[in-house]
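Here are my notes on the model you sent. Please read them with the structure open.

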Amino acid sequence: MAFELPALPYDYGTLEPHVDSQTMLIHHTKHHQAYVNNLNAALDKFPELKDLGLVEINKVVGTDKLPGDVATTIRNNGGGHYNHTFFWKVMTNPSNTNGPSGAVKEAIEAAFGSVDEMKAKFNAAAAGRFGSGWAWLGVKEDGSLAITSTPNQDNPLMASLPDSTPMVPILGLDVWEHAYYLKYQNRRPEYIAAWWNVVNWEQVASNFDAAKTGAVLL
């Protein structure tokens, strides 16, 4: 079955003023749609891969399970489809975001000392990613939280890639220019700071609960 562009869980203007509606419209209907289209086109050449779900496709990136002539295409577009599907869900209306609580807050404090310190390290990872990519907060195999960044459309599920920090993402931020340039131009740190106002901490908590069992929510 071909992959489809998922509907957003909110309207394009819901994240205003922190993420503008025009950016959301273009980001979702043009950029994300292109990843879906390109992924489906690549999988059409290898029907045996169509039995893999989106999470599984990302997990086999960098392994010999992907034919060499489509490996890069599937890495870029399978990653793009997963990353954006994940990204839309970890954002919400600014009035709905109240910061982490419960078990995920305790885990953040245990790993980083405080929520503010976690944000500072996450911001540094996002701002310091040269060119296009992502910043991630995730659960490692030992159950601890960690922060990493990845280039392009890579993500921490792609554990076989060199220099990867394998973990299950629970929060991620897109720092490609198409995610912020219309509103913030070259002011990436300003975009990163504003983005915390739309983080869906309830979804992050659900992602964390699943990740502790080794599961990946999508």
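1. Contact, as used below, means heavy atoms within 4.5 Å. The model is predicted: local features need pLDDT of at least 70, side-chain atom pairs count only at pLDDT 80 or more, and totals for chains, interfaces and linings use all residues. Residues are numbered from 1 along each chain as its sequence is written, and side-chain values use heavy atoms, with hydrogens and water left out.

2. Start with the annotated site. An unreviewed UniProt entry lists H27, H84, D174 and H178 under "binding site". These four are spread over 152 residues of sequence, yet they cluster in space, with a largest C-alpha distance of 12.3 Å. Of these residues, H27 is included in the lining of the largest cavity. A cavity is a set of points, on a 1 Å grid over the protein atoms alone, where a 1.4 Å probe fits but cannot get out; lining residues have an atom within 4 Å of a point. UniProt positions follow the numbering used here, feature names are shortened, and annotations may be inferred rather than shown by experiment.

3. H27 sits in helix α1, residues 21–44. Helices (H or I, at least four residues) and strands (E, at least two) are DSSP runs, numbered from the N terminus. Is H27 buried or exposed? H27 is buried, because its relative accessible area is 1%. The cut-offs are under 20% for buried, over 50% for exposed, and partly exposed in between (1.4 Å probe, protein chains only). Beyond neighbours within four places in sequence, H27 contacts H32, H84, F87, W88, D174, H178 and A179.

4. H178 lies in the loop between β3 (168–174) and α6 (181–184). H178 counts as buried because its relative accessibility is 18%. Leaving aside neighbours within four places in sequence, its contacts are T23, H27, H31, Y35 and H84. The side chains of H178 and H27 are joined by a polar contact of 3.2 Å. A polar contact is a pair of N or O atoms within 3.5 Å; within protein, one must be able to donate a hydrogen and the other to accept it, and residues adjacent in sequence count only if both atoms are side-chain atoms.

5. Now the sheet. Three strands form an open, antiparallel sheet in the order β2-β1-β3. β2 and β3 are the edge strands, each pairing on one side only. Two strands pair if DSSP finds at least two bridges between them. Seven bridges join β1 to β2 (residues 145–151), and six join β1 to β3. V139 has L145 as its bridge partner in β2, while W136 has G172 in β3. β1 and β2 make a hairpin with five residues between them, and G143 in the turn has a positive phi of about 90°.

6. Strand β1 (residues 133–139) is mostly covered, with seven of its seven residues buried. In a regular strand, side chains alternate between the two faces of the sheet. Here G133, A135, L137 and V139 are buried on one side of β1, and W134, W136 and G138 on the other.

7. One annotation to finish. The unreviewed UniProt entry lists residues 3–91 as "domain: Manganese/iron superoxide dismutase N-terminal". Over residues 3–91 the chain is 58% helix and 0% strand, and the end C-alpha atoms are 22 Å apart.

Conventions: On a 1 Å grid over the protein atoms alone, a cavity is a set of points where a 1.4 Å probe fits but cannot get out, and a pocket is an open set with protein on both sides within 12 Å along at least five of seven lines; lining residues have an atom within 4 Å of a point.
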